[in-house]
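User: Hey, can you walk me through some of the strands in this one? Here it is.

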Amino acid sequence: MDELQKKFLEVLNDEYVDQDREEILPDYQGKMKITVSEIEKAFEDNGISFTPFNNDFELWQSLDKLGKLSDVHFVIKSCLEDKKISFKPRELGHTKKDALIALFFNVFDVDPKSEFTIEVETETPPLPSDPLIINEPTIIDDPPKSQQNKSTKKILSLDFKIMQEIFSAAQKVYAEDLGFDVNDNITIYKNLPVTSIDHFWLKVPKNISVLYSCAALLKSKTNEVIAVGFLEDDKIDNGEIRPHINFGIDNEHINYNQFENQTQYKILLLPADQENFFDENLNLVKVSTYEGKIYLLECNLKFEEELPTTKKSLCIDFGTSNITAGTYVNGEISLVNFRDVTIDQPSYSKILPSVVYVDSFKNDQPVYKFGYEAKKAIIESDFNIKSSVFYDIKRWILSPDDTEELIDRDGNILNQKIKHEEIIKSYIEYVIEKAELQFKVKFEKFSFTAPVKYKNRFENLIRKILSNYQIEVELNEAQANVYNYVNDQKSHGEFMIIDVGSATSDLIVSNYSVNSGESKIDIETKFLISDPNFGGNNLTFRILQLLKIKLAAYIKGDDDKTIDEFITEDYDKILSMIDAKICNHKKIYEKLEAAYQSAEEILPTKFNAANDLGRNERRMIKRNYYYLWNIAEMIKQNPDCEIEIDLKKLHITNCQSTINNSTFRIPNSELLFLPEIYALMNKLLCNYLESKPNLSDIQYKFVGQTCNIKMFRELMKEFIPGRFLRRCQDDDSDLKTCCIEGLIKYIRDKAKGKIKPNFKNEIEKNFYNVYVDSTCLLSQNDELKFIKQSIDKNEIELIVKDGSDQIKRKINYEIDTNYNKQYEMNELFEEVKKNTTLNIEEFLRDLKLDIRSSENNDQYYLFILPDNEGYRFRIWQLKIDEEEKIYIPQPKIENFANESLKTYFNGDK
């Protein structure tokens with residue numbers, strides 16, 4: 001080890017770093033990961049030149065070379081602010097350079113582009129004596145890794161009877177004598193599991209390892225086993241990681257009735273060195289003959305029959321790809337933390353992916369896994385997925401009555417199809433369950449944000465599936481976002497909100513005024529334009545395309561393929577082409593698309609595109625797609641990373657390959673995103689900004705994870721001067737949670753009587769034209785026409801076009817001969833007016849005149865009107881008899897665009 005490396009280690013081991021951290025970071029919660037790219041951004045944002053670095057050692061060298069203490073201060077301050085770590089600015093500013101750098105490495109784990117190791121010669125400490133047979137244990141400060149507590153992923157399937165027999169046969173060791181300790185400030189509630197979030201943690205001596213895959217709870221007096229569970233590492237309040245006890249996860253391994261009138265219990269733990277015994281003796285009869293040792297630890301627990309009920313609302317923001325939830329505690333916003341079980345170390349997230357995995361069937365009903373548990377099941381299957389998996393389930397609000405065939409992890413098919421609304425219901429109930437586990441209260445009231453475009457439809461669906469609860473759907477997503485900011489702003493103004501999520505994009509404008517003296521808040525939102533089929537998933541798919549092309553070339557032994565081969569225009573040329581509308585932006589991707597189709601011969605991903613695929617082949621192709629999608633997501637989140645791909649996991653056709661794995665990067669990935677993002681911005685922003693004489697009066701807010709992409713922010717400067725963006729953008733806002741935080745603030749302030757809200761939504765604008773042949777029945781300008789058709793005609797074609805005259809849908813409408821409703825003319829027209837957003841008095845007068853002047857009864861009238869539930873239309877078909885009696889079938893409802901069908905997970909990509 002050279003002198004430079006020794007100095008680096010001295011900085012990392014600064015003896016005063018803990019004291020400095022306590023003074024500067026009073027709310028320190030443990031180390032946090034930070035990427036090289038995030039640190040580079042901190043240098044760039046402060047205009048500080050730096051030596052490039054790829055790992056923590058090189059970063060230390062770069063920081064050490066900075067001549068000014070203020071430069072080191074600014075970089076570390078920016079990193080703390082970006083990660084939302086609270087600190088005391090005065091104490092931070094008075095800290096010396098080496099202490100500052102030591103503090104940085106104490107707070108952050110640098111996620112490196114390349115690994116760096118220092119070879120250190122050390123003596124291997126002797127193994128401790130068996131602590132079970134000595135009076136006092138030998139504590140080793142730094143035990144070898146083989147002796148440290150490590151979580152075992154496999155959970156032993158041991159029931160009450162077997163654990164009771166293990167207890168009876170084993171050599172019993174009382175753990176208090178060895179230095180064990182436990183947090184027994186725990187309350188167990190009937191029919192609720194005990195999970196890591198309850199912080200039922202253990203303190204285990206460093207020289208002792210316990211088996212994580214099994215633990216039990218016994219009555220203290222009778223030694224009767226009343227719960228069987230496992231251990232899981234998680235953080236305690238000071239950030240330290242300790243094993244936590246989990247019981248009753250499946251509601252079958254905890255006997256709640258045995259907790260009544262009890263306060264004293266024993267925890268049963270097994271030594272880690274007995275793991276091989278259980279692996280080799282899976283037969284339960286042999287397991288029950290266990291004669292090893294067990295640790296017993298006394299604890300006190302409280303028991304409650306049921307959770308207390310709260311009058312507060314649980315607020316839920318149901319996004320296309322993620323969901324967030326929370327409430328307020330002591331006036332402060334508190335969000336539900338979802339355990340990310342796809343990561344080995346304890347990790348929680350404020351968002352839960354909208355993913356549903358069909359695990360099994362029980363009593364002819366599906367058993368699902370949701371969110372991170374669903375993603376983990378997919379990963380653990382090595383992406384060889386047999387079961388049904390559903391993404392982007394929020395889109396189903398447009399088709400709640402449609403059904404899905406369900407297949408479980410073993411390939412079994414449920415004997416009935418399940419409606420979309422039932423799957424959504426199960427998913428939301430899972431979120432409610434997690435919220436009640438965290439807050440330890442029973443919620444009866446729920447407040448949802450609604451999609452701006454589909455507020456009525458969304459509200460009707462939520463009220464239907466959660467009919468046993470009190471439901472509020474007062475704010476749409478835009479209003480919630482605005483409310484998150486208005487209290488900190490001037491008395492009135494205008495927000496332009498760009499919401500780019502994983503699957504959809506919207507532009508919303510909101511005007512607000514605040515009268516603090518009268519506690520009045522007026523917010524009026526106007527939905528301007530949407531792209532229902534663009535979001536972060538589009539960018540993930542572009543990475544997947546290039547990744548598949550590169551892999552196919554690699555497998556064939558061809559030269560590596562780069563982005564420049566497929567997107568040949570430079571940055572400015574692409575912008576100019578899209579500005580001038582020289583071509584549809586998709587044309588820029590034509591070479592990429594062609595190469596992607598060619599790569600299908602080597603590395604197929606279209607698992608639903610052909611009918612001649614066998615069952616096993618279809619599953620292997622499906623595995624290809626999901627495996628590559630997962631890798632593409634990782635690259636999108638960290639564009640500079642290198643990914644090792646295991647080719648053995650891929651189904652390769654028409655080519656032989658003896659290579660098992662290789663490492664891939666996607667350099668210059670932002671060029672891959674450029675046409676997609678800039679075309680979206682043109683669509684969303686051009687018309688709106690052209691009508692605004694003074695852009696400085698507008699406050700700009702970005703919502704959705706896709707807005708975090710660096711190119712997104714850079715391209716915004718093509719439309720809005722950078723100084724306006726810097727001034728108006730709230731750097732501290734979390735793009736994933738600002739909507740739910742706004743809703744919680746609103747519900748809290750309204751409950752306390754702090755506000756008198758007045759929220760308005762402008763009537764939805766129609767963005768489409770609908771034709772029959774050359775006749776436009778409904779235009780963007782709300783002009784209406786009707787047609788008359790011969791009664792002999794059985795079918796007509798409706799064509800839906802957008803404002804650019806692009807066909808969005810073709811609908812074959814079959815003439816309905818089931819005229820099951822009869823109306824007087826005025827009675828019918830009143831019914832029609834109830835179901836549309838337009839003022840149609842003049843149109844109905846024209847229709848009435850035509851009906852009365854017509855002498856031909858062998859025909860029917862047909863017209864369409866926008867539906868009052870938003871962004872869809874009703875097809876009205878009328879037949880008139882000689883007495884002017886009007887007969888109509890049930891009006892058919894259609895969406896303007898195929899929003900509910902467009903997805904990247906249908907198997908045709």
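User: What should I know about the model and the numbering before we start?
Analyst: It's a predicted model, where local features need pLDDT of at least 70, side-chain atom pairs count only at pLDDT 80 or more, and totals for chains, interfaces and linings use all residues. Residues are numbered from 1 along each chain as its sequence is written, and side-chain values use heavy atoms, with hydrogens and water left out.

User: OK, what's the strand order in the open sheet of five strands?
Analyst: The order is β30-β25-β26-β27-β31, and the pairing is mixed. Strands here are DSSP runs of E, at least two residues, numbered from the N terminus, and two of them pair if DSSP finds at least two bridges between them.

User: Which ones are the edge strands?
Analyst: β30 (698-703) and β31 (756-761), each pairing on one side only. On average, neighbouring strands in this sheet are turned by 20° against each other, direction ignored. The axes behind that are lines fitted to C-alpha atoms, with angles running from 0 to 180 degrees between N-to-C directions.

User: How many bridges between β25 and β26?
Analyst: Nine, in the antiparallel sense, between β25 (residues 492-500) and β26 (residues 505-515). Phe 495 sits opposite Ser 510 of β26.

User: Switching over: what's the order in the open sheet of four strands?
Analyst: That one goes β33-β32-β35-β36, with antiparallel pairing. From one strand to the next, the twist averages 30°.

User: And what joins β32 to β35?
Analyst: Five bridges, with β32 (residues 768-772) and β35 (residues 795-802) running antiparallel. Tyr 771 has Ile 799 in β35 as its bridge partner.

User: Now β8: mostly covered or mostly open?
Analyst: Mostly covered: 10 of the 11 residues in β8 (residues 225-235) are buried, meaning under 20% relative accessible area with a 1.4 Å probe, protein chains only.

User: Which strands does β8 pair with?
Analyst: β7 (residues 210-219) pairs with β8 in the antiparallel sense over four bridges, with Ala 215 opposite Gly 229. β8 also pairs with β9 (residues 241-247), again antiparallel, over seven bridges. There, Asp 234 is partnered with Arg 242 of β9.

User: Where do the hairpins have a positive phi?
Analyst: In the β7 and β8 hairpin, with five residues between the strands, Asn 223 has a positive phi near 60°. The β8 and β9 hairpin also has five residues between its strands, and Gly 239 in that turn has a positive phi of about 95°.

Notes. Buried < 20%, exposed > 50% of the residue type's maximum accessible area, 1.4 Å probe, protein only.
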